[in-house]
Amino acid sequence: MKWLVAALALLGCRNEPAARLPALQLPVVLPPLAEQQAALADALAKHHRTVFDRNLDAHDPGELREHIAYYQQTIDRLKPSPADLFRAGDDQFAYQFRPENGLGNGLRDFPAAGNRPTPNLRRVANGEFGGPEAMACADCHSVGGDDGAGSLTQNVMQRGDGDRTSSGDLRSAPALLGVGPVQRLAIEMTAELQAARATGIEQARAAGMPVTIMLTSKGVAFGELAVAPNGSVDTTKVVGVANDLVVRPFGWKGHQANLRGMVREAFRLHLGMVATVEQEWISQGILAPTAYGNVLWTDVDNDGVSTEADDGMVTTMVAYLAQLEVPVTRLPQQPIFLPMWSVGRDLFSSIGCSSCHRPSLQLNDAHFVTAPEMKVAGSPVHIDVAHDGLQPKPTAIPGGFAVELFSDLKRHHMGPGLAAAMAQPAEGGAIANDVWLTRPLWGLADSAPYLHDGRAATVRDAIVAHGGEADAARLGFEQAPAAHQQALLVYLLSLARTPHPVVP
Ligand code: HEC
Ligand code: HEC
């Protein structure tokens with residue numbers, strides 16, 4: 001009996017903090033009725049489309065591809081609105097592509113591809129060829145809701161040998177919310193940095209003297225450029241961005257400058273669907289066919305389907321992604337957490353987390369254009385990333401919009417603990433093993449597991465894995481009193497998604 005009392009007392013002690021919290025008794029506040037009805041109508045309409053699409057596909061295989069994607073000619077002719085493209089893109093994102101749509105390849109004798117019959121899917125990617133390892137975008141981007149993150153089992157094993165899982169360079173799928181404003185921010189930052197370079201060159205030439213230019217954009221410092229009197233540029237002191245000064249906001253390493261490129265890359269690497277424009281580039285000798293296949297460019301992956309991801313389909317997907325909602329800060333509803341939330345927010349800046357994870361970057365211009373690549377004469381599609389599509393959107397502020405993404409869109413050395421096994425080839429120069437783009441923290445609460453390979457099950461695990469340029473901030477966290485550490489976690493978990501009703 002004595003030991004039982006002792007054990008209970010011990011348990012009581014262990015549970016003390018939790019026991020002190022009052023039980024959750026929160027009134028559920030419903031949004032206004034009209035808003036609820038609109039959200040429910042959207043969810044039901046999407047559900048009905050899914051059921052219709054399923055039947056259509058059973059009745060007439062391949063027909064659905066026509067139905068969910070606009071060909072570029074159709075976009076040129078019908079001029080669909082952003083809302084039309086959103087609907088089509090939404091369906092396309094979840095659509096399970098099939099061999100008759102061009103899924104996979106018929107390249108079992110091509111060294112970089114797998115050795116199975118069409119569609120030749122496999123788990124581990126090979127070099128720049130990729131997998132393919134999936135049938136739909138939503139196969140990997142679904143944790144935390146539509147267009148969300150990936151779970152550990154959905155990790156991509158990129159640039160491996162096509163066979164052994166240990167050969168792949170692991171990447172967790174990030175959530176895709178807010179990529180429209182992020183794309184626009186990167187475009188503005190690139191323009192600012194490149195304008196500074198142009199001014200430097202002009203000044204050095206005019207003065208006949210060397211000039212040093214400090215590179216900053218949106219309050220983020222990217223080192224400096226030394227310009228010689230003849231206008232030649234020394235980039236050795238440029239930091240956090242490739243030497244061409246193009247801010248590449250996509251991918252864990254920040255390897256991809258634009259959403260269109262990211263979408264083409266995803267189609268090819270994960271679904272084995274080659275963009276029509278890439279086939280065109282192969283025919284023109286602009287693109288080496290080594291990562292594509294070994295047969296005629298018209299069906300370079302030899303699966304009998306020539307038009308796999310045409311310009312219109314890529315445009316539809318880009319227009320859709322650019323209109324996704326942005327994550328939000330959702331204050332804890334239970335009053336007891338509110339003071340902790342404030343303490344956590346203060347700690348986040350006082351220990352230096354916010355020097356990389358910038359709580360907000362100002363977007364000046366929300367107008368985003370997605371243009372077809374091959375048919376340069378075709379109509380571009382215009383999206384207002386601060387209004388079109390799913391709400392909520394970045395907040396309007398004087399002179400623009402506050403994009404609360406918690407990133408500086410800059411690359412950092414994160415130390416040997418976080419280094420990948422290999423450097424990553426990229427436009428603008430290879431990206432070193434331990435270099436990663438500051439991952440935006442918006443939506444964090446709904447996107448576990450964390451870090452580029454999903455190694456961190458909790459936010460705390462992710463923080464203590466920080467090294468390199470983030471050493472001091474990590475130490476600041478580790479040395480903070482336990483209560484402050486907990487407060488920081490409460491604060492970070494307020495970075496979340498707005499709940500949307502879903503009809504399964
Ligand atoms: C097999 C899993 C998988 C599938 C399927 C997949 N993705 Fe991804 N996606 C990833 C991973 C992993 C990354 C991170 C890539 C990197 O770091 O280089 C990513 C990154 C992205 C990004 C950049 C996001 C950011 O913030 O960096 C976009 C956009 C994207 N995917 C869109 C798509 C689209 C569109 C499709 C369908 C055509 C798709 N993905 C299919 C795994 C997947
Ligand atoms: C030097 C810049 C830098 C500093 C300072 C920094 N971080 Fe990070 N943070 C990063 C980078 C880069 C990544 C992505 C690393 C990776 O995936 O390997 C990251 C990832 C994260 C993640 C995981 C995000 C996800 O979606 O997987 C969390 C959480 C995080 N940081 C929180 C913090 C906190 C809290 C602090 C302060 C103690 C902090 N960071 C300080 C650069 C920084």
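Start at leucine 409, in the loop between strand E12 (400-403) and strand E13 (411-413). This is a predicted model. Check the backbone torsion: phi of leucine 409 is near 55°, a positive value in a residue other than glycine. Most residues other than glycine have a negative phi. Is leucine 409 buried or exposed? Leucine 409 is buried, because its relative accessible area is 2%, under the 20% limit.

Next, select aspartate 147. This residue sits in the loop between E1 and E2. Its phi is positive too, about 60°, and aspartate 147 is not a glycine. With a relative accessible area of 5%, aspartate 147 is buried.

Stay in that loop and pick histidine 141, which also lies between E1 and E2.

A polar backbone atom of glycine 251 is 2.7 Å from an oxygen atom of ligand 1. An N or O atom in the side chain of arginine 439 is 3.0 Å from an oxygen atom of ligand 1.

Select E1, E2 and E3. They form an open sheet of 3 strands in the order E1-E2-E3, with mixed pairing. Strand E1 (124-126) and strand E3 (169-171) are the edges, each pairing on one side only. Neighbouring strands of this sheet are turned by 30° against each other on average, direction ignored. Zoom in on strand E2 (residues 156-160): 3 bridges join E2 to E3, and the two run antiparallel. One place to look is valine 156, whose bridge partner in E3 is arginine 171.

Walk back from E1 to proline 119, in the loop between helix H6 (82-94) and E1. The peptide bond from threonine 118 to proline 119 is cis, with omega near 10°. Most peptide bonds are trans.

Jump to proline 449, in the loop between E14 and H13. Where is the cis bond here? The cis peptide bond joins alanine 448 and proline 449, with omega about 0°.

From there, move to leucine 451. A backbone N or O atom of leucine 451 lies 2.7 Å from an oxygen atom of ligand 2. Select the shell of ligand 2. Of its 28 residues, Cys353, Cys356, His357, His452 and His466 come nearest.

Take two of these histidines in turn. An N or O atom in the side chain of histidine 357 is 2.8 Å from a nitrogen atom of ligand 2. For histidine 466, a polar side-chain atom lies 2.8 Å from a nitrogen atom of ligand 2.

Finish with the elements around ligand 2. Helix H12 (353-356), strand E14 (435-437), helix H13 (459-464) and helix H15 (482-492) each supply at least two residues of the shell. By type, the shell holds 19 nonpolar, 7 polar and 2 charged residues.

Key. Residues are numbered from 1 along each chain as its sequence is written. Chains are lettered from A and ligands numbered from 1 in the order in which they are written. This is a predicted model: local features need pLDDT of at least 70, side-chain atom pairs count only at pLDDT 80 or more; totals for chains, interfaces and linings use all residues. Side-chain values use heavy atoms; hydrogens and water are left out. A residue is near a molecule or strand if one of its heavy atoms lies within 4 Å of it. A polar contact is a pair of N or O atoms within 3.5 Å; within protein, one must be able to donate a hydrogen and the other to accept it, and residues adjacent in sequence count only if both atoms are side-chain atoms. Helices (H or I, at least four residues) and strands (E, at least two) are DSSP runs, numbered from the N terminus. Ala, Val, Leu, Ile, Met, Phe, Trp, Tyr, Cys and Pro count as nonpolar, Asp, Glu, Lys and Arg as charged, and the others, Gly among them, as polar. Two strands pair if DSSP finds at least two bridges between them. Axes are lines fitted to C-alpha atoms, for helices over the stretch in contact, and angles run from 0 to 180 degrees between N-to-C directions. Buried means under 20% relative accessible area, exposed over 50%, partly exposed in between (1.4 Å probe, protein chains only).
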